[in-house]
Amino acid sequence: KVFLYKVDFPTRSQMVRHRVNWQELSRRYVSGKRVPFDFYVSEKMRRIYTNIDGRLFETHDLIDICLNHYYQAIEQGIKPQEARRIIPQAAYTQIWGAFQPMQYANFMKLRDDEVHAQWEIAQVAKAMRELVG
């Protein structure tokens, strides 16, 4: 089975621990202008505020600051592979995963578990199970 995922970086990190054939959209060759950045911010993180020099910033404000910094760097001649280091971990990426039957079964055993697996990756496993039937 081959799946195309849109997941945030921390969820992707959990997924690629599984020994399957992975391919990922390269931000080295695909800039944020060609494929715009999108971000996952959980409900809990939306309610977090940071006070910097008397100004309150929400999570989305900080993401916007990082995005603006990224685009400024590109405009000033910095290569995308270096500028992307400022992009927050909340950014989505696209990855493709090709699973053999045993690999799929192992992934489901570990990740389709709402008690032990992180909520986001459990949702990924649930969606995969619904697609496969």
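Tutor: Happy to! Let's start with a pair of side chains: Lys6 makes a salt bridge with Asp38, and their closest N and O atoms are 2.7 Å apart. A salt bridge here is a side-chain nitrogen of Lys or Arg within 4 Å of a carboxyl oxygen of Asp or Glu. This pair links distant parts of the chain, 32 residues apart: Lys6 sits in strand β1 (residues 2-8), and Asp38 in the loop between β2 and α2.

Student: What kind of model is this, and how are the residues numbered?

Tutor: It is a predicted model, where local features need pLDDT of at least 70 and side-chain atom pairs count only at pLDDT 80 or more, while totals for chains, interfaces and linings use all residues. Residues are numbered from 1 along each chain as its sequence is written, and side-chain values use heavy atoms, with hydrogens and water left out.

Student: How many salt bridges are there?

Tutor: The count is four. One of them joins Glu24 to Arg12, with 2.7 Å between the closest N and O atoms. Glu24 lies in strand β2 and Arg12 in helix α1 (residues 9-15), so this bridge ties together parts that are twelve residues apart in sequence. Another joins Arg129 to Asp112, where the closest N and O atoms are 2.6 Å apart. Arg129 belongs to helix α6 (residues 119-132) and Asp112 to the loop between α5 (101-111) and α6, so parts 17 residues apart in sequence are tied together.

Student: Is Asp112 buried, partly exposed or exposed?

Tutor: Asp112 counts as partly exposed because its relative accessibility is 27%. Buried means under 20% relative accessible area, exposed means over 50%, and partly exposed is in between (1.4 Å probe, protein chains only). Arg129 is partly exposed too, with 38%. Asp38 has 35% relative accessibility and so counts as partly exposed.

Student: OK, zooming out. How many helices and strands does the chain have?

Tutor: There are six helices and five strands. Helices (H or I, at least four residues) and strands (E, at least two) are DSSP runs, numbered from the N terminus. Read from that end, the order is β-α-β-α-β-β-α-α-β-α-α.

Student: And what box do the C-alpha atoms fill?

Tutor: Roughly 50 × 35 × 20 Å, taken along the principal axes. The chain has 133 residues, and 35% of them count as buried. Among contacts in the chain with a separation of 6 or more, 66% are between residues 24 or more positions apart. Contact means heavy atoms within 4.5 Å.

Student: Which residues does Phe9 touch, then?

Tutor: Leaving aside neighbours within four places in sequence, Phe9 is in contact with Pro88, Gln89, Ala91, Tyr92 and Thr93. Phe9 is in helix α1, and it counts as buried because its relative accessibility is 15%.

Student: What about Arg27: buried or exposed?

Tutor: Arg27 is buried, since its relative accessibility is 11%. You'll find Arg27 in the loop between β2 and α2. Not counting residues up to four places away in sequence, Arg27 touches Gly32, Val35, Pro36, Phe37, Pro80 and Arg84.

Student: Which residues form the positive surface patch?

Tutor: Arg28, Lys79, Arg84 and Arg85. Patches are made of residues with over 30% relative accessible area and no salt bridge; like charges are joined within 9 Å, and nonpolar side chains (Val, Leu, Ile, Met, Phe, Trp, Tyr) within 5 Å. Lys and Arg count as positive and Asp and Glu as negative, leaving out His and the chain ends, and a charge is placed at NZ of Lys, CZ of Arg, CG of Asp or CD of Glu. Arg28 lies in the loop between β2 (21-24) and α2 (43-46), and with 41% relative accessibility it counts as partly exposed.

Student: And which residues form the nonpolar one?

Tutor: Val2, Leu4 and Trp96, with about 310 Å² of accessible area together. Accessible areas come from the Shrake-Rupley method with a 1.4 Å probe, and for residues only the protein chains shown count as cover. Trp96 is in strand β5 (residues 92-98).

Student: Last one: what stands out about the phi of Asp53?

Tutor: Asp53 has a positive phi of about 50°, although it is not a glycine. Most residues other than glycine have a negative phi. Asp53 is in the loop between β3 (49-52) and β4 (55-58), and it counts as exposed because its relative accessibility is 80%.
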